[in-house]
Amino acid sequence: MLEKEPFWRQKALEELSDAEWEALCDGCGRCCLNKLQDYDTGEISWTNVACRLYDEDACRCRDYENRIETVPDCLPLSPEAVREISWLPPSCAYRLVAEGRDLYWWHHLVSGSRDTVHEAGISTRGRTVSERHVPVDEWEDFLVEWPVETPAR
């Protein structure tokens with residue numbers, strides 16, 4: 001008997017149900033990191049300074065439903081945004097699906113466990129500092145490269 005293809009291989013981002021969209025998030029937390037953009041070149045630099053609503057242990061937003069009201073510059077992901085945002089990490093499941101690529105082995109929909117994203121070292125768990133503790137003019141002191149690294153097995 002042939003197994004049915006998983007939803008992320010069958011559907012475009014726009015075709016996903018709300019439940020499928022939310023399930024696609026791998027829980028890495030990289031999109032919750034603050035980025036700096038060079039005014040002249042447009043180049044994006046990543047920091048390990050996380051949004052004030054970010055829960056580093058859970059790798060989730062503490063107030064997901066109300067995040068836009070609390071953090072006005074929070075950019076919610078949508079199919080359109082995923083295709084336009086240049087700063088999504090190469091490991092982002094939304095980006096992978098939008099590009100017609102498959103999910104990595106550590107993604108919970110592949111591995112069957114929400115812990116593999118942490119075990120593989122993809123998540124931000126234990127690697128961030130809250131923006132509540134770092135003034136914006138000091139973010140340059142917290143630049144990191146790891147959010148844009150492509151994960152290995």
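**Salt bridges and what lies beyond them**

Reply: Glu 5, Arg 9 and Asp 102 are linked in a network of salt bridges. A salt bridge here is a side-chain nitrogen of Lys or Arg within 4 Å of a carboxyl oxygen of Asp or Glu. This is a predicted model, so local features need pLDDT of at least 70 and side-chain atom pairs count only at pLDDT 80 or more, while totals for chains, interfaces and linings use all residues. Residues are numbered from 1 along each chain as its sequence is written, and side-chain values use heavy atoms, with hydrogens and water left out.

The side chains of Arg 9 and Asp 102 meet at 2.7 Å, N to O. They tie together distant parts of the chain, 93 residues apart. Arg 9 sits in helix α1 (residues 7-10), and Asp 102 is in the loop between α5 (93-98) and α6 (108-111). These elements are DSSP runs numbered from the N terminus: helices are H or I with at least four residues, strands are E with at least two.

How open are the two partners? Asp 102 is partly exposed, at a relative accessible area of 34%. Arg 9 is partly exposed too, at 45%. The cut-offs are under 20% for buried, over 50% for exposed, and partly exposed in between, with a 1.4 Å probe and protein chains only.

Why can such pairs form? Side chains of opposite charge can pair when their charged atoms come close.

The whole structure has seven salt bridges. Here is another: Lys 11 pairs with Glu 20, with the closest N and O atoms 2.8 Å apart. Lys 11 is partly exposed at 29%, whereas Glu 20 is buried at 15%. Glu 99 and Arg 101 form one as well, and their closest N and O atoms are 2.8 Å apart. Glu 99 is partly exposed at 41%, and so is Arg 101 at 37%.

β1 (33-37) and β2 (44-50) run antiparallel, joined by four bridges. Two strands pair if DSSP finds at least two bridges between them. In this pairing, Leu 36 stands opposite Ser 45, and Gln 37 stands opposite Ile 44. The hairpin has six residues between the strands, and Gly 42 takes a positive phi near 80 degrees there.

Stop at Leu 36 in β1. Leu 36 is partly exposed at 23%. Leu 36 touches Glu 43, Ile 44, Ser 45, Thr 47, Trp 139, Glu 140 and Leu 143, not counting residues up to four places away in sequence. Contact means heavy atoms within 4.5 Å. Leu 143 is 107 residues from Leu 36 along the chain, yet their C-alpha atoms are 8.9 Å apart.

Next, Ser 130 in β5 (129-130). Ser 130 is buried at 13%. Leaving out residues up to four places away in sequence, Ser 130 touches Val 49, Ala 50, Cys 51 and Arg 52.

Cys 59 has a positive phi of about 55 degrees although it is not a glycine. Cys 59 lies in the loop between β3 (54-55) and β4, and is buried at 3%.

Last, the pocket. A pocket is an open set of points on a 1 Å grid over the protein atoms alone, where a 1.4 Å probe fits and protein lies on both sides within 12 Å along at least five of seven lines; lining residues have an atom within 4 Å of a point.

Of the 43 lining residues, Cys 31, Cys 32, Arg 67, Cys 74 and Leu 75 are the closest to the centre of the largest pocket. β1 gives the largest share of the lining, five residues. The lining divides into 27 nonpolar, five polar and 11 charged residues. Nonpolar covers Ala, Val, Leu, Ile, Met, Phe, Trp, Tyr, Cys and Pro; charged covers Asp, Glu, Lys and Arg; the others, Gly among them, count as polar.
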